[in-house]
Amino acid sequence: MAVQQVDNQPKMIAPGARVEIRGEEWIVKQVKSVKNGFSYKVVGVSEFVRNHEAIFMSTLDEVIEIRPEDTQFVFDESPQYRKSRLYIEALLRKTAPIDNHIYQGHKGAFNLADYQLKPTHLAISNLRPRVLIADAVGLGKTIEAGILLSELIKRGRGDRILVVTMKSMLGQFQQEMWARFTIPLVRLDSVGIQKVRSKIPSNKNPFNYFNKVIISVDTLKNDSQFRTYLEQCHWDAIVIDECHNVANAHTQRNRLASLLARTCDSLILLSATPHNGKPESFAQLVNMLEPTAIADEYNYTHEEIKGLFTRRFKKDIEKEVSAEFSDRELHKQEMTASLEEERFLRYLHSLRFNTLDGKIPNQLSLPGLSQIRGTKDTLFKNTLFKAFLSSPAACLHTVQQRIKRIEQRIQDDSATEEVLGSDLKKLQEAENLLLAISDEAFSKYSYLKNLLKTELKWTGKKSSPRVIVFSERIQTLEYLSKKIQQDFDVDEKSVRVFHAGMSDIDQQEIVEDFGKENSTVRILLASDVASEGVNLHYFCNHLIHFDIPWSLITLEQRNGRIDRYGQKQTPHIYYLLTKSSDSEIKGDLRILEKLIEKEEEAYKNLGDTATILKLYSADKEEEYIEQELAEGTAVDHIFGAENDDPFSAFDLLLQQGEEESIETYPQAAAYQWMDDYNFLIQSIATLREENPLSKEVLETLSDKQSVIWFPPEDVQQILDFMPKEAIPKKKEFHLTTNRDEVQAAIVEARKKQGQWPEKQLLWEQHPLFNWLLERVIVQFDKNEAPLITISALGDRMIFFMQGVLFNKRAQPVISQWFGVEISTSGEPVIHSFDELKQLLFSRGELHNPGGAETEMEIVHQYKIAALEEARKHLQNLREERRGELSSTLRKDLKALRSWHDKKLELLDEQEHQKRLSNGTVPKNIATRIEFERKSVEGLYKQRQEWISKTMATDNRPFLRIAAVFVGK
């Protein structure tokens with residue numbers, strides 16, 4: 001028999017019904033009539049198929065409707081009905097919340113502050129949980145993302161998660177998600193990818209094999225096969241870290257991010273610098289979140305983007321997190337240039353190039369000269385100046401590279417020698433002056449060496465403080481590495497170099513090593529690739545700017561490596577500045593002092609350094625400053641007048657509403673009667689009784705909060721999808737409900753290279769806890785419910801039920817646990833969950849007197865009446881919801897219509913502007929506009945249908961009788 005039949009004719013099972021197919025539970029989304037039966041489009045409910053969509057033919061598979069009328073009541077012989085209580089508890093914990101309260105995310109292993117909950121509140125208040133978290137550098141965006149992911153998991157909307165981040169961040173992000181939230185992300189770095197490819201068939205999609213993955217954006221960008229795999233996948237949630245890197249339209253990264261945005265329900269974007277000052281760049285990110293939010297990406301209002309992003313600065317939340325930050329101390333250190341350095345600076349200041357400045361004598365017209373012209377050559381003196389302020393070694397490298405290029409050009413075209421020869425001699429003279437600067441004459445390094453020895457007492461041994469030294473130039477980093485090793489008699493184990501040219505594995509290794517207390521690394525020499533995102537503050541509070549970047553954004557990002565959320569010591573930030581006795585050179589060096597001054601001003605008052613120059617890009621800031629200096633603009637004028645409004649119109653647009661005081665975001669307790677610890681203890685004891693031969697061992701600790709668990713062998717399928725670092729030796733899991741102990745374990749794990757916290761959070765989000773829930777639930781068959789006797793109920797019986805109403809997309813929109821009381825002396829009564837807790841479980845342990853056949857018969861007689869009452873209750877809830885949502889539905893559809901009309905109006909304007917004098921529009925433009933019109937109409941229709949299906953509830957409820965409580 002393929003389906004339920006009446007008079008040998010197949011009976012259709014309506015959409016919204018729960019069915020059993022191939023031993024798994026599904027919800028019917030769509031039904032089509034086919035020859036001799038029906039085609040069922042379904043979405044999975046039970047653990048192994050949850051959220052997986054499939055189509056089954058009733059002629060090929062047995063489709064069994066799960067009906068509450070078929071519930072069979074069974075006696076539970078366990079003491080105090082322990083087996084029944086655990087079963088009910090497991091069902092309760094599997095219930096997905098459907099309101100806007102926060103149930104799970106705030107319970108992770110971190111010190112909660114209200115501001116951290118705002119992104120989650122915004123996301124779950126939207127029809128689709130999508131949000132841009134644009135908080136400033138160092139405020140803990142990773143934790144905010146973990147809170148939201150945890151909430152999505154609790155709601156059954158986070159089974160499949162993809163995290164895309166920078167390659168240096170892979171290990172750090174993965175470990176944070178596990179240690180604080182037990183979210184098991186599989187890391188697909190260059191080594192991880194090879195392991196996956198060796199483990200699964202070559203034609204198998206790795207993104208279908210693993211449900212929770214973290215991968216670098218560069219891996220996805222450069223691996224065409226991986227992009228193809230992504231196009232075939234659907235994710236519950238995607239996180240894109242440092243999303244400003246994907247905001248520029250028509251770039252490879254932007255196309256990749258746009259693809260990802262279309263393959264997920266929930267999207268979380270993270271960036272401290274979410275725009276480049278242009279509305280259209282921010283619109284790119286907003287369109288990934290909600291493509292029908294903005295009609296005109298060049299001109300939109302705060303109302304159009306409201307609810308899709310949150311942006312706070314340290315000054316906005318400092319009252320909440322004062323314990324998690326320490327006030328920084330700045331040290332601006334000036335050192336007088338040596339005679340050799342002064343000689344080079346004066347020579348450089350006097351240099352005038354024939355061709356490098358783009359000033360080719362008018363009387364010369366030589367073959368090949370057009371090839372050596374270039375706008376960047378006008379800035380070459382500044383390039384040399386910046387390189388020298390980093391180190392003579394960096395400047396020497398730049399000079400020698402240019403000498404090679406000129407010599408090659410002369411060799412290729414001897415006719416250019418007359419012009420290029422003069423510049424070549426000047427560069428060769430610069431080379432000689434740089435070679436004359438000995439190590440002893442390099443004043444900044446001499447100061448650094450003295451600073452390390454005298455003030456910081458740095459020896460290179462483990463007792464030395466840990467220090468970060470930033471420089472823009474790799475040649476400077478390599479010079480410093482060699483010199484520090486020589487002068488302090490240490491090796492490369494104590495002094496590590498970190499730059500963009502390193503592999504993802506090497507970058508992750510250095511970041512992790514530097515964050516371990518027992519690490520031998522005492523100085524990290526880093527380029528600005530380390531200024532973005534990575535945590536370097538755990539055992540380090542000294543940061544030295546060996547050179548000053550000509551960008552306020554980069555300067556702020558550098559300082560944010562140690563001046564960030566969780567820093568327990570005073571961050572000491574050192575700026576090393578070379579001082580000249582020449583008045584004109586002093587003026588050139590004034591730019592460095594001004595950069596430091598402006599970064600500190602933004603830190604104290606504005607919160608956002610990008611608002612000072614209003615360029616919103618580190619590269620653009622550097623280019624602008626170089627250009628202004630090349631044109632002779634006074635340093636003080638480069639940064640604008642002192643009375644200028646620091647905020648652009650676009651900055652103010654993003655800030656609207658953010659000036660409000662921190663709200664308290666609603667939190668709620670999920671459906672449950674037992675705490676996590678007791679559920680675990682009692683569940684394992686019950687399962688051991690069912691299988692006495694099981695080899696698992698559970699040791700409870702005296703604090704009544706912690707256990708040591710050696711789980712059974714059949715959890716291996718769970719462990720295969722956890723980070724290997726999260727699996728302890730001999731699979732000895734130390735679990736605790738004490739968040740402080742988990743945080744202490746996180747701190748302790750930072751003492752040793754390669755170590756993850758030994759203690760893990762004991763809560764239902766842990767993969768092993770989730771496995772335990774499933775094991776408890778299957779102790780009763782699908783159509784079984786325990787019968788529990790409570791003598792105090794007298795002649796009453798209470799059917800404990802779960803009622804769920806789905807929308808047209810088969811998502812739960814009303815989900816409630818309640819009791820239907822039936823008695824011989826009155827009308828049926830509906831009890832809320834809280835009333836049942838008080839009525840049934842406020843008396844302590846339940847006494848189990850054993851089953852009675854007469855009770856079973858009576859219960860079956862009243863089952864249908866209880867179900868009818870339950871359906872009436874759910875119908876009332878449906879009507880209430882319909883009334884509550886009617887205004888919301890009208891508002892959303894009105895906003896969608898406004899977007900549609902405005903988009904078409906803009907296209908009409910474009911068409912009018914491009915119309916020729918003869919009244920026609922060029923074919924290529926007309927074709928493009930027509931394509932865009934069709935795209936707008938298609939998206940409008942799709943979103944209309946999506947909103948309607950999301951808002952509208954199906955009138956066919958799902959009812960489950962979880963248990964029945966009867967009196968004597």
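1. Starting with the overall build: the protein chain has 33 helices and 30 strands. Bear in mind throughout that this is a predicted model. The radius of gyration comes out at 33 Å, close to the 30 Å that the globule rule gives for 968 residues, so the chain is as compact as a globular protein of that length. Along its principal axes, the C-alpha trace spans about 110 × 85 × 55 Å.

2. On burial and surface, 56% of the 968 residues count as buried. The accessible surface of the protein chain is about 42300 Å², and carbon and sulfur atoms hold 47% of that. As for how the chain meets itself, take the contacts with a separation of 6 or more: residues 24 or more positions apart account for 77% of them.

3. Now the inside. Nonpolar side chains tend to be buried together in soluble globular proteins. Here the largest nonpolar core has 112 residues, and L162, F207 and I591 are those with the most contacts inside it. Which helix gives the most to this core? That is α22 (residues 583-606), which puts in seven residues. Apart from this core lies another one, of 47 residues, with M674, V776, I777 and A963 among them.

4. F207 deserves a paragraph of its own. Setting aside residues up to four places away in sequence, F207 touches R160, L162, L188, V213, I215, L220, F226, Y229, L230, C233 and W235. Note that L162 turns up in this list and is also, like F207, one of the residues with the most contacts inside the largest core.

5. On to the rings: the structure holds 22 aromatic pairs. One of them joins F207 and W235, whose ring centres are 5.9 Å apart; the planes stand at 70 degrees, over the 60 degrees needed, so the pair is edge-to-face. F207 is in helix α6 (residues 206-209) and W235 in strand β13 (residues 235-240), so the pair links distant parts of the chain, 28 residues apart. Both F207 and W235 are buried.

6. W673, F800, W817, F833 and F965 are linked by ring pairs into a cluster. There are also charges placed over rings: the charged end of R328 sits over the ring of Y603, 3.6 Å from its centre. The charged end of K444 sits over the ring of F546, 4.9 Å from the ring's centre.

7. Q104 lies in the loop between α1 (82-93) and α2 (118-125). Is Q104 buried or exposed? At 4% relative accessibility, Q104 counts as buried, because the cut-off is under 20%. Leaving out neighbours within four places in sequence, Q104 is in contact with S150, E151, K154, W763, E764 and Q765.

Note on methods: Residues numbered from 1 in each chain as written. Predicted model: local features only at pLDDT ≥ 70, side-chain atom pairs only at ≥ 80, totals over all residues. Heavy atoms only, no water. Phe/Tyr/Trp six-rings, centres within 6.5 Å; stacked < 30°, edge-to-face > 60°. Helix = DSSP H or I, 4+ residues; strand = E, 2+ residues; numbered from the N terminus. Buried < 20%, exposed > 50% of the residue type's maximum accessible area, 1.4 Å probe, protein only. Lys NZ or Arg CZ within 6 Å of the ring centre and 35° of its normal. Rg over C-alpha atoms; globule rule 2.2 N^0.38 Å. Contact = heavy atoms within 4.5 Å. Areas by Shrake-Rupley, 256 points an atom, 1.4 Å probe, with all protein chains shown as cover. Core = buried A, V, L, I, M, F, W, Y, C linked by side-chain atoms within 4.5 Å.
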